[in-house]
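Subject: Structure handover

Hello,

Here is the structure for your files. My notes follow below it.

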Amino acid sequence: MERAQQQSSDSILATLSVDLLIQILDFVADPRDRKSWRQVCRGFLHAEALRRRSLRVLRREALQGLLRRYAACLERLDLSACPSLDDHALAAALAAGAGLWRLRSINLSRASGVGWRGLAALAKACPHLEAVDLSHCVGVGDREAAALATAAGLRDLWLDKCLGLTDVGLAKVAVGCPALEMLGIKWCLEISDIGIELLAKKCQNLRVLDISYLKITNRSLQFVSSLGKLEDLSMVGCSHIDDEGLQFLNNGSNSLQSVDVSRCENVTSSGLISVIEGHKYLQNLNIGDCFPELAPLFLSKLNDLRDSLTVLKLDGFQVFAPSLKIIGLNCRNLVEIGLSKCKWVTDEGVSELVAGCVNLMTIDLTCCHLLTNKALVAIGDKCKNLTCLQLESCKLITDKGLDCIGTCCSNLEEIDLTDCTMTNAAMKYLSRCSELMVLKLGLCDKISDEGLVHIASNCKKLRVLDLYRCFEVTDDGLAAIATGCKRIKNLNLCYCTRITDLGLKHLSCLEDLHDLELRGVHCITSLGITAIANGCQHLTELDLKHCHLVDDAGLFALGQYTKNLRQANLSYCQVSSMGLCNLLGSLKCLQDVKLVHLTQVPVEGFESALRASGGRLKKLKLLTGLRHLLSPGLIQMLQDRGCRIRWVDKPLNLVP
Amino acid sequence: MVPERRRPPEASSKSSSSMMSESPRNRKPDLPFTPFDSTNLWCGDRHGRSFLEFSPPLVTQSNGLFGPDRETKSKNQHEPSPVDDPVMDWNPRLMLSNLSFLEQKIHQVQDIVRSIISHEDQFLDQANELAAQQQLVTADLTYIIIQLISTAGTLLPDIKNALLSTNPAVGRPGSNQKQHEILPVEVAKASQYDSLIKDLNSCGGKEDELIKCSNNSGVEASEPIPIEDHDTKDNDDGMDGENLPPGSYEVLQLEEEEILAPHTHFCLICGKGFKRDANLRMHMRGHGDEYKSPAALAKPSKEASIEPQPIRRYSCPFVGCKRNKEHKKFQPLKTILCVKNHYKRSHCDKSYTCSRCRTKKFSIIADLKTHEKHCGRDKWICSCGTTFSRKDKLFGHVALFQGHAPAIPMDDAKVLVTSDKAQVSEASSGMPGNMDYNFSGNTSLDAQSPDLKGVDDGHGCFSPMTLDACNIWGLAEFPHSAYEVSESTFSFLATVPFKGMEKIKFQAAGMMNCSEQHYPVIIYIRSNKGVQVETSIMTDAHARTVSFEVPVYSWHLNPTSAEISICRTQHERGKYYKCRIT
């Protein structure tokens, strides 16, 4: 009977050719539906494999098989989440799909186990490689750069925080990849002027260059200024660069559109004026935390950028109302303004600004303490397209101000009200913004279930909800959120002490939940955790610090269901060595775990649990006392596999 | 002391004769010279004063008499400026006053010497006092000589030249004489006098203090003169691009033996040679007290600063060399040191090999040391194989040429490491011969003589490990790696049973290149019973086999194993090599 059914279904599907299947597949957008599609039959699976262009691998075990299946058509490969990826695994996987590679982009960010052998194999196997992201692979040095340099077609390369990279490695890349268009060498502290000089001479096609936090001097800028196609230059925190260096950018020989000189402490207005003079089409200017006061000449020079400038970030300046007025008059096309931590930003100033810049979509007013509701009224009045509003620590703002925002800015997607004195009424006003995706209400301790019910009633698209220390929130509020905002991805419930297992059970219907923080929610038990583990199977980050009632049962459930869990904080939980061992042994994706003050776990428990993790961990937090108790071989093994252990020494404090 | 004593009479007679002829004695009674009291001479205090007080009056006198500041100044400081323009500067009155002053000075010295003679027996008791007196006389005399010369020099510069250049020949050929002539010139600086007087007045007139003070002032004064030291290294072979027209200088050509001679300064008493004259001076102290005087120990300064000498250039004795005077584009060498360095660099064997790269060779050890400072460190290599000492130079090169990229230094380091390991394993497989006490097991010894018996040539030859031939006996000087290698391989078998005095033969190759022909070697043998035998033998650098005997009575405890250590001095001992006894 079953056999007959199989044959019949095969025959039906056989009538559909692969190209027809692919055309049908194009209508299946949701990843979960695609998963179902894959499970239909071999033909469907094959069609999906032919259609798939990008792949994000979550487990090392699956890598080889996946690549064998998808190698033919895959263009983008993301291995950044793949735990304990090393040269051997990468080379074996690449060999599995040998000769079929059309891969153009690979993301190896934070893949600390990959060395030059793996990269050499990659460059050899993928002749069309164009983009490589190796950022935060702290072990990457000159040899890895030399291996990458054999991929001559490379256009995008991100090497942020590759601490071993020196001028020699950069020179290898510069010589080997002359077509380079985007390069990030942020935090590669060994690179000096000599390397930048060679880079500028060899890679004339560079469009995007990030040289933030390098110890380079003005000499480097002299050579960077010769890059004719340069559009985006980031040099955050280059303290050796001053106005003299920026004057090299005055010649206008490059087509800069975006300049970021924030935190360059030696840069002043005069240097920025020369940058503005050289580039009439500058769109993006970030000068945060450079120098305290805006010179009038600089403000008037902004008039030169009247048509082009869209983003202006002035974090940390003293901005008086007249300055904001001039900005409002001169930069009419401004879309984004950053006034975070600016002193002397007043209602009057903000009103003058928005009167000129009616196109503003993003306004960052973090820590502008002087602002009141009047400013919000002005914003709501003028900026109809507003999508993002940051109001953290603007304590004079009340519910009334948000009334205007909620009414006028219907496109609002993100609002940060952390540490503002908001009540449930404000939530009622905000609930009019149906596009709202990010809502941060941390430290707003007057928000209660009623407010959440308002939000849940209309904000269906909410993805991020921060309720840090909102003590009034109870299980009912969570029930409302869980029913109203099905797409919540990040949920912060730290120190919402009135939440119990029931609330977590409500939350368990949030299938998209990735990041859940339950720090200090001391009423929850393993029951709630089991419900969450059951329902939210995509959970990748979980914080259970100071959840004293959570025991082994919770960990068993997590180990069984949340196979994608990458980060876990279990400090102060009442777990035993068995639960810990089970969790670390069964979660193949776990990479970052904090295990401070697990009073029930003896040294042997830690020993066996860490051995069970099989060297997948990249970050580990343990008590200093364990340093000499754990066997040196284990610590050595962990560190050899690229795990960074942070030893903390703090007293056992059961009250959060 | 003889030369110093001999000089003054000459000088004084000369000066006095000239003075006599020109003018009657001009001794003013009001001159504040201390009347010499021979009875008080004994007292150091009086001496100090007499030594002191003659000088300041000179200043006042000349001021009062001749007015023009420039002249007095030039005289006070005893600058050689009159030499530059002698005719213009010559002032007969000044000359007269100078001469009369000198005359007085000579009389003073005469008195002192006389008093020394009269108190000779007392001085015998107190050698120190005598020495101090002598010193005073010496200082006075040298002052007089200088004064005389400069006075004469103002008159006739040519005479002065001749006088000075012949001076060293008159006295002893050593450097002491010269020194005494020069030193007081500096002492005579007006400011020096002032400080000297102050010092002397403050110190209670003790003689040793006096000596110290005069000594100090002399040393201080001589310091600022830029003295060309022949021993300082001159790397540029004198190639400073100076273009002297041919014939404007005197060409000297040293012989090869002269150039290669290890020593340039010789003791006239015992004949010992030294590289530096300072070392010679230190050595001279051992030949008597007269060489211990501060003047004798002071650095001889050249008169070049005072006297223009004919330009002298040097020629390389190697015919055909551009530095040889026969060459049609002859480029002379500037100093003797340049000659030495040039000759060694260009025409001698390069016997010093860099122990790091083992390719670079040098004939001058200083060059080797300079190279070793940089060798292997911060080598910047391009993919094309070109090496650079500086990173920016490499990057400039890479920027210039298409397709060139910096090589990663780690590659080379790894290669080196592996090759080292290979050598080590190779070395340990090369077991020594077993017939007799054959040192060929120590591979570092026989790199240059593959024909040793009992040695497998293939294993015995470790050219990278080869040490400087001079190190053969200084086992303690072995570099670390060689030590370890030899430790593992250095065990040798004695197949001959000990009976009476046994002759033990061992071979040592590579000794031929030692600079010294023979040198003693100490051999220590200690058995496991705690008995130690010491033998010293003379080696022959040309012999390949060296024998030595071990008195067998020392083995009466029937040792089963023994250790042997070979070294050149007792202090080098320390490394024992195991040997088995059968």
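Which residues of helix α15 (residues 321–330) of chain A are buried? They are A:Ala321, A:Ser323, A:Leu324, A:Ile327, A:Gly328 and A:Asn330; buried means under 20% relative accessible area with a 1.4 Å probe, protein chains only. Helices (H or I, at least four residues) and strands (E, at least two) are DSSP runs numbered from the N terminus. The cover over these buried residues includes α14, β11, β12 and α16 of chain A.

This is a predicted model: local features need pLDDT of at least 70, side-chain atom pairs count only at pLDDT 80 or more, and totals for chains, interfaces and linings use all residues. Residues are numbered from 1 along each chain as its sequence is written, chains are lettered from A and ligands numbered from 1 in the order written, and side-chain values use heavy atoms, without hydrogens and water.

The second largest pocket is lined by 38 residues. On a 1 Å grid over the protein atoms alone, a pocket is an open set of points where a 1.4 Å probe fits, with protein on both sides within 12 Å along at least five of seven lines; lining residues have an atom within 4 Å of a point. Nearest its centre are A:Pro31, A:Arg38, A:Leu58, A:His538 and A:Asn564. Helix α3(A) gives the largest share of the lining, five residues.

Strand β7 of chain A contains A:Asp210, which counts as buried at 11% relative accessibility.

Regards

Note on methods: Buried < 20%, exposed > 50% of the residue type's maximum accessible area, 1.4 Å probe, protein only. Contact = heavy atoms within 4.5 Å.
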